[in-house]
Amino acid sequence: MRSLNVALDERAYDIHIGRGLIDRGDLFASVLKRKRAVVISNEIVAPLYAARVLDALDSVGVARQLVVLPDGEAHKDWPTLNLIFDALLGARVERSTTLIALGGGVIGDMVGFAAATYQRGVPFIQVPTTLLSQVDSSVGGKTAINHPLGKNMIGAFYQPKLVLADIDTLDTLPDRELKAGLAEVIKYGLIRDREFFDWLEINMPRLLARDTEALAFAIERSCRNKAEVVIEDETEAGVRAHLNLGHTFGHAIETGLGYGEWLHGEAVAAGTLMAAELSRRLGWLTDDDVARIHRIHESAGLALRGPKLGVERYLELMSHDKKVEAGKLRLVLLKRIGEAVVYGDAAVADIAASIEHCCADA
């Protein structure tokens with residue numbers, strides 16, 4: 001088991017990475033206020049792994065119940081969130097009860113938001129079951145639901161008590177979702193870890209083959225990068241925004257197509273290529289840099305072209321981004337591979353040209 005700590009004073013917590021962790025009742029019990037927990041999962045993950053989590057809780061004498069939600073980004077909304085509240089209120093769940101998020105990024109975000117708001121805050125544990133959630137969304141305390149006008153626009157910063165990234169759960173992950181998770185892994189190399197980027201260029205075939213050692217290293221390196229950023233800037237007042245490379249473009253894709261049509265990582269990959277092209281137009285990246293960024297996304301089996309939304313539609317959707325300040329769109333771009341910057345002075349014409357360049361028919 002590999003472990004690291006997100007050192008946020010009284011909100012500090014551990015991230016454990018390894019195989020068989022969801023069977024470790026002692027790990028769950030180590031952070032419980034009292035021996036009662038509610039496991040919240042979805043209709044895809046629950047049949048695969050909920051019994052193992054429930055058995056682990058039984059083994060340490062924890063009273064537990066299971067709540068199963070519909071699956072998919074299309075259900076990351078108020079009605080589905082209310083299903084969680086209905087279950088908690090119906091069971092008279094108290095503030096000392098811990099919620100356990102068993103699933104991918106959608107479950108993690110929604111359970112985290114429910115935990116932040118139910119009775120003004122209850123503890124929760126992240127048990128991410130996709131590569132994307134293990135390397136990104138389960139760490140850092142961002143919780144949210146979507147709105148028809150924008151992704152993740154309603155939420156809260158609320159840290160978990162523990163993250164258990166069990167590599168066993170990746171065994172049943174569809175290839176498409178594994179590849180989507182690699183987009184977030186690549187992101188860490190691009191924004192702050194050039195050495196990791198170089199490693200990914202060489203080891204991408206091992207990751208796609210689900211090599212345990214390679215996956216454990218990539219997950220730990222990604223989590224370590226994110227933890228360092230979160231420790232420095234918990235509420236995204238500065239450097240944490242760098243973690244959103246490709247996301248402003250990518251969220252426009254997700255919202256424009258309808259949530260769930262493209263996976264989050266797929267949209268981030270296409271958005272990252274748009275950000276790279278804009279960085280090239282600003283004179284920061286070379287043609288060779290952009291070619292490397294294309295090649296690593298291609299080697300991961302990710303989209304190299306954005307969908308056909310139209311430039312005006314992209315720009316309209318991007319105007320709803322959380323990084324807009326005083327009406328000005330601030331984008332995460334690359335000064336070089338391994339160094340990101342938030343930039344608010346890109347000309348609209350250059351942004352539009354970058355979108356058009358990276359879409360099949362913008």
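User: Leaving aside its neighbours within four places in sequence, which residues is Cys359 in contact with?
Analyst: This is a predicted model. Cys359 sits in the segment after helix 13, which spans 348-357. With neighbours up to four places away in sequence left out, the residues in contact with Cys359 are Met274, Arg305, Gly306, Pro307 and Tyr314.

User: What distance separates the C-alpha atoms of Cys359 and Gly306?
Analyst: Gly306 is one of the contacts of Cys359. Along the chain, Cys359 and Gly306 are 53 residues apart.

User: Is Cys359 buried or exposed?
Analyst: A residue counts as buried under 20% relative accessible area. The relative accessibility of Cys359 is 2%, so Cys359 is buried.

User: How many disulfides does the structure hold?
Analyst: Cys358 is in no disulfide, and its nearest cysteine sulfur is that of Cys359. Cys358 is also buried, with a relative accessible area of 3%. For the structure, the number of disulfides is zero.

User: What is the relative accessible area of His297?
Analyst: His297 lies in helix 11, made of residues 287-299. Beyond four places in sequence, His297 touches Ile186, Leu190, Ala269, Thr272, Leu273, Leu302 and Leu304. His297 is buried, and its relative accessible area is 0%.

User: Where is Arg120, and is this residue buried or exposed?
Analyst: Arg120 is in the loop between helix 4 (105-117) and strand 6 (124-128). Its phi is near 65°, a positive value in a residue other than glycine. The relative accessible area of Arg120 is 78%, so Arg120 is exposed.

User: What is phi of Arg210 near?
Analyst: Arg210 belongs to the loop between helix 7 (194-208) and helix 8 (212-232). Arg210 is a residue other than glycine with a positive phi, near 65°.

User: What is the radius of gyration of the protein?
Analyst: The protein has 13 helices and eleven strands. For 362 residues the globule rule gives 21 Å, and the protein comes close to that value, so it is as compact as a globular protein of that length. Its radius of gyration is 20 Å.

User: What share of the contacts between residues at least 6 apart in sequence join residues at least 24 apart?
Analyst: Of the 362 residues in the protein, 58% are buried. Among contacts between residues at least 6 apart in sequence, the share that joins residues at least 24 apart is 76%.

User: How far apart are the centres of the positive and negative side chains?
Analyst: The protein has 41 positive and 50 negative side chains. The centres of the two sets are separated by 3 Å.

Methods: Residues numbered from 1 in each chain as written. Predicted model: local features only at pLDDT ≥ 70, side-chain atom pairs only at ≥ 80, totals over all residues. Heavy atoms only, no water. Helix = DSSP H or I, 4+ residues; strand = E, 2+ residues; numbered from the N terminus. Rg over C-alpha atoms; globule rule 2.2 N^0.38 Å. Buried < 20%, exposed > 50% of the residue type's maximum accessible area, 1.4 Å probe, protein only. Contact = heavy atoms within 4.5 Å. Lys, Arg positive; Asp, Glu negative; His and termini not counted. Charge placed at Lys NZ, Arg CZ, Asp CG, Glu CD. Disulfide = S-S within 2.5 Å.
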